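Please look through the structure shown here, and then read the report that follows with it at hand.

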Amino acid sequence: MNRVQIKRIVRKVGGVRKLLLLVLAASLAVTLLVDIVAVARILDLLTYLYIILGAVAVLYGIYPLYTSRRLVGYYWVRVKKNRLALWGMAFIVFLVLLALIGPFFTVDPTAANFEEKNRPPLGFSLEESVYDAGTRQFVTRVSTGTKEHFLGTDNKGRDLLAMIVSGARVSLQVGLFATGIAVALGTLIGTLSAYLGGRVDNALMRFTDVMMTFPFFLLLVFVVFIFGPNLAFIVLVIGLTGWTGTARLIRSEALSLRTREFVMAARALGASDSRIILAHLVPNVISLIIVIATLSIPGVILAEAALSFIGLGDPSVTSWGMVLRAGQQSLDTAWWVAVAPGIMLFFTVLAFNFVGDGLRDAFDPRSAV
Amino acid sequence: MLKMSEGHFQQSLIAMRQSWLRDYILRRLLYAVLIAWGVLTVTFILVRVGPTSPADKYLANVAARGQDVAQVTAAIEARYGLDRPIYEQYFSYVGSLLRGDWGWSLSTSMPVMKLLKTHWIYSFQLILLSSVFAALLGILIGIYSAVKQYSKTDYIATFLSFIGISIPNFWLGVMLILLFSVQFGLFKTYYDTGLPLFSLANLKQLVLPVITLGTGMLAGYVRYTRSAVLDNLRKEFVRTARAKGLPERTVIGKHVFRNAILPLITIIMFDLGSIVFGGAYLTEIIFGIPGLGRISFNAVFADDYAIVVAVTLISAFLVLIINLVTDITYTYLDPRVRYD
């Protein structure tokens with residue numbers, strides 16, 4: 001194959017980025033087929049999500065940001081004026097670092113050690129009566145916080161700090177992946193519905209209405225109950241059920257765009273429907289997409305936490321909801337187990353809300369920031 | 001030349017609106033039926049697509065008892081019609097739901113309908129009290145905070161409402177139990193079903209659950225009311241009202257409040273579906289209130305399909321009805337809604 005042939009292929013597919021994505025998708029599809037047919041388990045489901053979303057984020061998120069540095073700089077100046085949004089961003093960066101490198105510095109969050117159970121956080125002490133096997137009597141023991149267990153331990157002696165770090169990883173994974181899927185699906189359905197109109201619009205919107213009628217959390221419980229708890233699956237379910245609000249918002253925004261001159265012009269020049277949607281409609285609602293995505297991450301994280309809190313989470317990973325569940329069961333002895341994951345959840349939600357609000361104000365040309 | 005008088009013209013306008021309203025309500029009703037059918041179908045498909053069948057749990061027990069599994073499977077399939085073609089199963093499913101037969105709960109050995117009838121009241125009182133608490137307090141604080149914009153109270157209210165929106169309600173519930181039940185011993189840690197519904201003791205044991213469920217809503221309503229009132233305060237009719245020399249109380253209470261409240265009511269109603277039902281589910285689990293959420297939660301761990309399906313369906317139908325009623329009342333009350 002010479003250069004000309006490659007160029008022709010690239011032009012036919014519509015750009016290098018699309019070609020790369022197609023090649024990646026094809027190879028992943030082949031791997032998935034091998035996985036399913038030969039039960040080979042080359043990659044697990046979550047890794048597929050990692051690779052696809054990572055590729056999309058680099059090709060369609062980071063690369064365009066890099067090429068339009070001036071625009072990014074302009075918005076950064078606007079966002080920077082919102083101090084709460086900056087605090088939010090700082091916390092999110094801290095959380096990402098915690099999730100990425102934290103596990104290398106903490107002990108195994110699942111390792112139970114009953115010798116060390118119910119140890120309070122550093123600086124606190126707890127009086128408890130324990131059964132002494134030597135004297136065969138209950139004796140009162142005062143246990144104090146130690147440096148090894150900075151945040152204390154739960155009723156099985158598992159290190160709370162390690163559990164919190166592991167939970168950060170789970171929550172961020174669920175938050176980012178599920179939101180990625182939901183927002184992508186919502187954007188697709190919203191723009192398709194608005195652009196194609198007529199019967200397609202009617203059918204898609206009626207389906208959206210049906211899905212919206214189910215209370216979100218109940219639908220989640222229902223589906224997880226039927227299909228079983230597994231982190232990758234929970235991510236998929238939240239993604240596949242949480243797109244309705246996005247679809248409606250994007251549709252109403254795209255509806256007003258579709259009669260604008262630049263769309264007419266593109267159509268007059270012979271652009272295909274998919275090109276108009278991907279190259280003209282989606283880039284024009286991108287600021288709305290970013291804001292929706294940021295503001296829907298907290299809901300998704302909370303949904304997963306609530307699921308594991310009631311015992312429907314993936315039992316093989318330690319998430320904040322699960323820690324909170326363990327804490328609720330030992331409220332009268334070890335209060336810190338219930339407090340810590342909740343504070344993390346609360347700050348995470350708050351941080352994403354602040355950032356989302358800041359971005360919305362920055363993107364809104366009418367608001368003076 | 002025929003000249004229409006002013007009165008005639010107005011009357012024909014009213015008649016037009018009334019006939020349009022009738023059409024609108026009819027259309028909305030038909031549409032609701034369509035959505036209900038969609039909800040039924042989605043639930044049916046999900047249950048059928050799932051990897052386990054409702055009979056699996058039962059079959060595990062059969063195998064443990066040493067009975068012939070194949071024989072029992074055949075008997076169960078014949079009994080529940082699982083051996084019939086899928087479309088026949090679908091029709092019989094829809095038919096029995098319409099007849100009010102919502103299935104048989106294996107874990108409690110009771111018709112699901114009977115369970116729903118005995119347990120709905122606990123969910124209802126919780127949701128009703130929380131909504132009323134959140135709406136009343138939220139509107140009051142919101143108005144006050146808007147009227148006294150940029151005052152200290154306003155800042156505190158805005159700050160607290162931001163916290164209230166972000167606090168996970170199930171964590172709030174656990175913390176309230178920790179603080180008020182475990183540490184101070186003010187409330188019981190369990191829910192007593194023996195108490196009569198309309199008694200002070202029953203109200204007292206609902207205090208923590210109502211705060212748990214209501215805080216998120218309350219914070220939302222404070223924020224909404226505040227911005228709606230601020231919006232309306234800048235409108236021209238407020239300037240007119242003030243120019244007429246009306247006292248500030250009338251301006252706020254009549255002109256501003258009435259314009260701000262109508263959209264708020266729709267928001268409260270729509271909240272019921274999206275947030276409140278999920279929140280009530282969790283609140284009931286935390287506080288052990290035997291409402292629909294709690295029985296569905298128990299059913300999940302007992303592998304009791306009929307109850308889980310029924311609770312999911314019934315909450316979807318409730319959302320549907322609430323949305324329908326809200327839409328129609330809103331259209332009826334607001335004369336500005338367009339005739340198209």
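This is a predicted model: local features need pLDDT of at least 70, side-chain atom pairs count only at pLDDT 80 or more; totals for chains, interfaces and linings use all residues.

Leaving aside residues up to four places away in sequence, Ile238(A) touches Ala178(A), Ala182(A), Leu220(A), Val300(A), Ala303(A) and Glu304(A).

## Chain A as a whole

Chain A is built with 15 helices and two strands, and its C-alpha atoms fill a box of roughly 90 × 60 × 45 Å when this is taken along the principal axes. Of the 369 residues in chain A, 38% count as buried.

How much of the contact in chain A, counting separations of 6 or more, is between residues 24 or more positions apart? Such pairs account for 72% of those contacts.

## Where the two chains meet

The contact between the chains takes 34 residues from chain A and 33 residues from chain B. On the side of chain B that touches chain A, the elements giving two or more residues are helix 1 (6-49), helix 7 (169-183), helix 11 (248-287), helix 12 (292-301) and helix 13 (305-333) of chain B. The residues on this side of chain B divide into 25 nonpolar and eight polar, with no charged residues.

## The domains of chain B

The domain assignment of chain B gives two stretches, with domain 1 covering 47-101 and domain 2 covering 111-333. Taken over C-alpha atoms, the centres of domain 1 of chain B and domain 2 of chain B are separated by 40 Å.

## A residue in a loop of chain B

Tyr150(B) has its place in the loop between helix 5 (112-147) and helix 6 (152-166) of chain B, and its phi is near 65°, which is a positive value in a residue other than glycine. Is Tyr150(B) buried or exposed? Tyr150(B) counts as exposed because 8 other C-beta atoms lie within 10 Å, and a residue is exposed if that number is 12 or fewer.

## Confidence in the model

For chain B the mean pLDDT is 81, and 89% of its residues reach 70 or more. The model scores ipTM 0.81 and pTM 0.83.

Definitions and conventions. Residues are numbered from 1 along each chain as its sequence is written. Chains are lettered from A and ligands numbered from 1 in the order in which they are written. Domain bounds come from an automatic or database domain assignment. Two residues are in contact if their C-beta atoms, placed from the backbone, lie within 7 Å. Helices (H or I, at least four residues) and strands (E, at least two) are DSSP runs, numbered from the N terminus. Ala, Val, Leu, Ile, Met, Phe, Trp, Tyr, Cys and Pro count as nonpolar, Asp, Glu, Lys and Arg as charged, and the others, Gly among them, as polar. A residue is buried if 20 or more other C-beta atoms lie within 10 Å of its own, exposed if 12 or fewer, and partly exposed in between; C-beta atoms are placed from the backbone. pLDDT is the predictor's confidence in each residue, from 0 to 100.
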